[in-house]
Each structure stands twice: as structure tokens, then as C-alpha cells.
Amino acid sequence: MLAEDEVRLADNKVVVTNDRHYNAASLVPYVKQKSNYYLIGGWHPFLCVYNWQNGKNGWWDRFCRKLGQAPVVFDEAMVDQSVVSMLNHLEYQGYYNSEVIPETVVNGKTAKVNYYVKLGKQFPIRTIEYQVDNTDLGSLMASDSLNFTVLPGDILSQESLERESDRLAGHFRNNGYWGFSKNYFFFYADTSSVRDTADLIVRIEDFTRNESAEAARPHRRYTIGNVALIPQPGMHVRQKFLHNLNHIEPGEPYSEDLINNTYSRFSSIPIFSSVNMMLRQSETDSSAVDCRIMLQQARRQSVKVNLEGSFNSTGLFGVTPSLSYSHKNLFGGGEVLTLGFRGNFQFMLKNPTRSTELTVSTGLGIPWYPSFLWRMEKINLPQMDINFMYSYQNRPEYTRDIVTGSYGFSWNVSKRFWYQIYPIQLSAVRTSRLDPVFYEKIRDPYLKNSFRSHIDLGGGGMIYFTTNPTVNPKTSYFYTRLQFDLSGNMLSLLNKTGIYGKGPGGDNLIAGVHYSQYARGEIQAVETLRFGRSNSFALAMRALAGAGFAYGNSFSLPFEKFFYAGGAGSMRGWRARSVGPGMAPRDTSFAIANQSGDMHLEANMEFRFPMFWKMQGALFVDAGNVWNIGTDDIDGETRDPRSLFSFSNLLRSTAMDTGFGARLDFGLVLVRFDLGVRLYDPSVGKWFGPGEWFQGNYAFHFGIGYPF
């Protein structure tokens, strides 16, 4: 609550009066006192909650203080500090003798502060003279002249000079000058000799800006001295494995990039909890740097448990538990063994309808040392991957067994680009039970065709890029992922050899089993913008697109390769696999909805905000659907035209939902609850108002981690 002589700071505004191209928002961080945060139109929801206190200092008042936000009491002294801070920053940017005039407007119990900024004079650089007494340093600098970022004609600013000196210092450290820093650079600018210009002198000294000339010591180039790999006592790890990771060799010229890349390689191996690289001048050779790599062992084995759940207005429950085990150093050479179990159970209370899916998987990642990859300095953790999986699916309409195996390779570059390439992907799908009544009721001939037993043999891969590789980033970040599969092409090369049998539709069979031929790809891009105090607010956005095409030996995609929408990580107003395709009505031949399509488009937006304790809130909106593409007849049957994709019907066939979510953020684990309600359902061509949301048009979801 405000005292009688206090006013609340409602807003700060920065106005640049003499340059409309200058970004005034860049000066806002230098305002020392920030106002209360608001959402839309000046609404301060958490300030309102704080003001709900009744003054009795009981549990209610404590709750309001915890959930709400206290008013920011205007402090005039901080206005003066803001002026000084902005002037210093403007001078750092190259605006000299700028003016900042504050204006405080008080209206009742609120105050607004306007900062009127007049940018000062800028000086273009007329000439640059480099003074380097050390001949080797001078030659090294001259060889890098094409990369100089400060040139004649540029505006003189401390900001650009600091950035350039930092870049050059890194260039010197990568060429033997261990310990060289930007503080050895000195800048002298003459702005009086020629009016409105600056003559710049850049000088490299043998002492830093924080030292006197008496502390001068000559710069020298260093080589690598002794290199010691020191694992934690008791760590079971092969020395050959450690030497394969290490590229720091005695006698080689010192390079900071070499040190950093070696550190990244060791850090990317999950068996090490910490990597400490100690560099010091050699005691036996003053021109050498000794390197000690200290390795601490991480926990070798781990178990992870995950659980997702959903409930919708039809009374259908969905539970998806998963359990995984990993051993990070199976044979002492960084081999990673993973074992996994995943279940998916859908059921209704007091109803015999059930759906069960059980999956067990195992994988082995073996460090891989091809010379062409290791020569690339920023490559981390290249490994060979061998994976196997068995899945059992039992639904009211069918029972299927799926066995898959894959062999491939994975690596990452600078922990920003991740690659997985699988030249061999093999799967066998057997439909052991298929309800004939269900099969005859299927309206889509492509879907009907997809239920046959089949073999897949092909390849695939994944490319992933992120600006922040941490598990739960606390700053703004972006990532994109591309996945692709090709199947059947190698087998099709043998079509004319006569070794295959023939199916009733003229397709080729291997031992009486159809082999699939198709191409499938999916790409998504996600950007999360964090803002507000301590980056506690976030706006997350996702765009997703995928499509699959059957050709050659196949009329349709295999059933497991169709696209689906709905569920905890998709269209949250629907349960999993209950959206689409297109504007077609739900296929009632399935006892539990299993809508699918040849392509998938989706866009999601979610606003995340803090509430109290570890609780966060979220408001979201989702839009998307799955559609069919193929239009050819199969055995005289055609697809429902309402399920087909067309640009003319794109808006009318796009489903939309909105909702509210709550998250419990425990740091390493985030527990998520989402309630989604439908705004528009293309299968009935109807928009739903608030009065209809809870009349069979909602879904509740539970999960671990953010949806995207």
C-alpha cells in the first residue's frame, strides 16, 4: 500500500528528439527504476492481486503478497541516476555531449517519467594508424587486415573499438599468444586537427590499461608443453578413448580454439560430470604452456520416469507412462546403452472399450572416430547408433505387432547443429487380427490399404539447429528440426529380376508380404521470446508442416506413417488423433478416434507468465489439421473430397482451439496441466462460443515438459 506522500511509478518513456531512426527502446534498459509490469492496455493483474489484501496480515494477505506484485514507489533520485546511465551509454556508442532532459508527470497517486534525449555529435574516422612495436604481432595483424571491422569513414565509438580489440585479441590467442587480452590495446583519437573528423591511433603495448609502463613484459608466442589427462581416481575408462577425444599435442603452436574445442568434446561425453582444463606456463620451458585435463565422473546409470495423461468431454481417459534406463559407459569407452518401455492406454469407465499399446526399445551408441569428422574442429560426440524396438498394439478393431531396427550415425557441431543419418531402417509390421466388419466400414480406401502387413526397408535422418542447447533455457531461443524418411527404393531396384511374387493389385511381394515405398518429411520451427523482470515472461511460437507420399510399389502410406493431430503437444482442444482429416466427419468405424492424413499443418502460440511459488500460468491458441493428398481410386473406391487439402479451403478446414495452462517448474522437471476448448471445428463447420465450450468441446491434458 502507498503512504500518503508516495506515488506509484506507472511508466517510463524515452523519446529521441533529433533522430527518428535511432532506436529509443535501446535506452530503456538504462532506466534505473522500472514500473510495474502490465499485460495489455495498462492492466496490471498482479498489482491488482496485491491490492486485494484486507490489512489483517493473515494468511489471505500473505497469499496476496506472494502471488501479487507490490507497487513500485517512485524515487526521484533514481531519475538522476538514469540520466547519467543513458549519457554514459550514448558516449560509449559514439554520441558526444548528448543531452537527456527528464520530465515527471504526477497524476493523483501515479507518476510517469518522460526522458527527452538529444543525441550528441558523432565523429567519422578520417585516418587510422596502427603502432605495433612487436614485429611478429605486427605481421600477424597485417595478415588479418581483410577482417578489420573499424575502417576509415566509420563513426568513432568506444563500442566498436572494444569489439574490434576483443576480436583481434582472440586472433592473437589462436596464433600462439597465450593470455593476450584486449587490455593491451590503447586508442588515441584527435578530433581537433580536422574539424568534425577524428584521426585514430591504435597502439599495442607490453602492459595492460590497468598497469603502468614499469610492468611491461614482451609478448611471445607459446607452444604446447606437457599434456596430462587425469581422470578421477576409480573411473573406469579406457586411455585410448581419452586420447581419441584429445587433440592437444605437445610441441604444437598454442591455439585458444584448439583448447576450447577439446574442452567441448570432453564436455559432450555424458560420462563426465565436469571437465577442468588447467593451463600454466611450463616450469622447464618459458615459451611453452602445460595443459592438465581434469575429468570428474558423472553418475554412470540413470532411470527416468515420465507420465502424460488426458481426459475429454466424451469420458475417454488416456494415460501414457514411460520408463527409460541408461548406462553411459558400458564398456569403458563412452558407449551408451538405453533401455525403454512406453505404454499408451485409452479407456472409458464402466465401458469395455479399451486400447493398449506397449513398446519396448533398446539402443547402443558407440563413439565413432572417422578421420574426416575429427579433422573438423567443432565436431562433438560423433557416434554409431544401433537401435531396436518392438511394439504391440491392441485396439477394438485390430491387433498389430511392429518390429523395427536401425543403424546409423549421429554428431553435433558446436552444440548448435545436430545430425542423425540412418542409411538402414528396417521394420516389419504384422496385422494378426483385423475385424472384418470394421475393415468393410472404413470409408477411406487409402486408410483401408494401409492396414496390410508389410515390410519397410530404407533410410532416414534428422537435422536439428538450436540457439540454446540447454534443457530448459532461461533466455530467448530458437530451434528448428527437419526429419525425413525414404523407404522401398533399394528393394524396387530388384523389381525386374523376377524374384518377387505378385499381389492382387499387381504390387511386388517378398515371401508373400508387401514392401512399402514412400517418402515422408516433417519440419518444425519454434521461437521463444523471454522478457520482463528476470526474463520471467515468455511468448512461445511454433510452426509445423509435414507430408508423406506413397509411390512405386505402394498405393498409400503405411498406417504408422500417417500424420495425426490433437493431444498434449498438439491441438489441445482435442484428445490425441481426433482432428481431421480436413472437413471430413469423424470415421465412426473406429471405436476410439484415430483420425489421420497424408499431411499436417499446425501453428501454436503460448504466453507464459509467473504466478506464485513455482507455479506458472499459460494462455495458448492452436490452429491446424491433417489432410489427405492422394486422389487416385483404389479398387474403385475414392476418398471423401472433404478430407482433401486445397488452398481455397485452407481456412475453412483449419481447426482452432484456445485454453489455459498451469505449470509447476521444479528446475529439472516441469509438470504441465492444460485445459483446451474448441473455437472452430471444421468437421462440423461451426464456431463455438464460451457457452458451448464445456458442452462436449474441451479436453484436459497432463504432461512433463513444455509442449514445444
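Strands here are DSSP runs of at least two residues marked E, numbered from the N terminus; Leu358, for instance, is found in strand S13. Welcome to a short tour of this protein, which is a predicted model. The protein has 11 helices and 29 strands. Of its 708 residues, 45% count as buried. The C-alpha trace spans about 95 × 75 × 50 Å along its principal axes.

**A nonpolar patch on the surface**

- Eight residues can be picked out together here: Val303, Val305, Leu323, Phe341, Leu358, Val360, Tyr390 and Val403 form a nonpolar patch on the surface.
- Together, the residues of this patch have about 680 Å² of accessible area.
- Two elements give two or more residues to the patch, namely strand S10 (301-312) and strand S13 (351-367).
- Leu358 belongs to strand S13, and its relative accessibility of 31% makes it partly exposed.

- Helix H4 (residues 135-143) and helix H5 (residues 158-173) have axes that come within 11 Å.
- Those axes cross at roughly 115°, and the range from 65 to 115 degrees counts as roughly perpendicular, so H4 and H5 are roughly perpendicular to each other.
- The crossing in which H4 passes H5 is right-handed.

**Salt bridges**

- Side chains of opposite charge can pair when their charged atoms come close.
- Searching the whole structure turns up 29 salt bridges.
- One of them joins the side chains of Arg173 and Glu256, with an N to O distance of 2.9 Å.
- Because Arg173 sits in helix H5 and Glu256 in helix H7 (residues 256-267), this pair ties together parts that are 83 residues apart in sequence.
- Arg173 is buried, at a relative accessible area of 15%, whereas Glu256 is partly exposed, at 22%.
- Arg452 and Asp507 form another salt bridge, and their closest N and O atoms are 3.0 Å apart.
- Both partners of that bridge are in loops: Arg452 lies between helix H10 (445-449) and strand S17 (454-466), and Asp507 between strand S19 (501-502) and strand S20 (508-510).
- The Arg452 and Asp507 pair therefore ties together parts that are 55 residues apart in sequence.
- Arg452 is partly exposed, with 26% relative accessible area, while Asp507 counts as buried at 4%.
- Glu692 and Lys686 also form a salt bridge, with 2.8 Å between the closest N and O atoms.
- Glu692 counts as partly exposed at 24% relative accessibility, and Lys686 is partly exposed as well, with a relative accessible area of 37%.

**A cysteine in helix H1**

- Cys48 is found in helix H1 (residues 45-50).
- With a relative accessibility of 35%, Cys48 counts as partly exposed.
- Cys48 and Asn412 are 364 residues apart along the chain, and their C-alpha atoms are separated by 48 Å.

**Backbone details in the loops**

- Gly580 and Pro581 are joined by a cis peptide bond, with omega at about -5°.
- Pro581 lies in the loop between strand S23 (537-550) and strand S24 (599-612).
- Ser414 is not a glycine, yet its phi is positive, at about 55°.
- The loop that holds Ser414 runs between strand S15 (398-413) and strand S16 (417-434), and Ser414 is partly exposed there, with a relative accessible area of 32%.
- Ala511 also has a positive phi, near 55°, in a residue other than glycine.
- Ala511 is found in the loop between S20 and strand S21 (513-515), and at 80% relative accessibility Ala511 counts as exposed.

Key
Residues numbered from 1 in each chain as written. Predicted model: local features only at pLDDT ≥ 70, side-chain atom pairs only at ≥ 80, totals over all residues. Heavy atoms only, no water. Patch = residues over 30% accessible without salt bridge, like charges linked within 9 Å, V, L, I, M, F, W, Y side chains within 5 Å. Areas by Shrake-Rupley, 256 points an atom, 1.4 Å probe, with all protein chains shown as cover. Salt bridge = Lys/Arg side-chain N within 4 Å of Asp/Glu carboxyl O. Helix = DSSP H or I, 4+ residues; strand = E, 2+ residues; numbered from the N terminus. Buried < 20%, exposed > 50% of the residue type's maximum accessible area, 1.4 Å probe, protein only. Axes fitted to C-alpha atoms, helices over the stretch in contact; angles between N-to-C directions. Parallel < 35°, antiparallel > 145°, perpendicular 65-115°, else oblique. Left-handed = near helix turned anticlockwise from the far one by under 90°.
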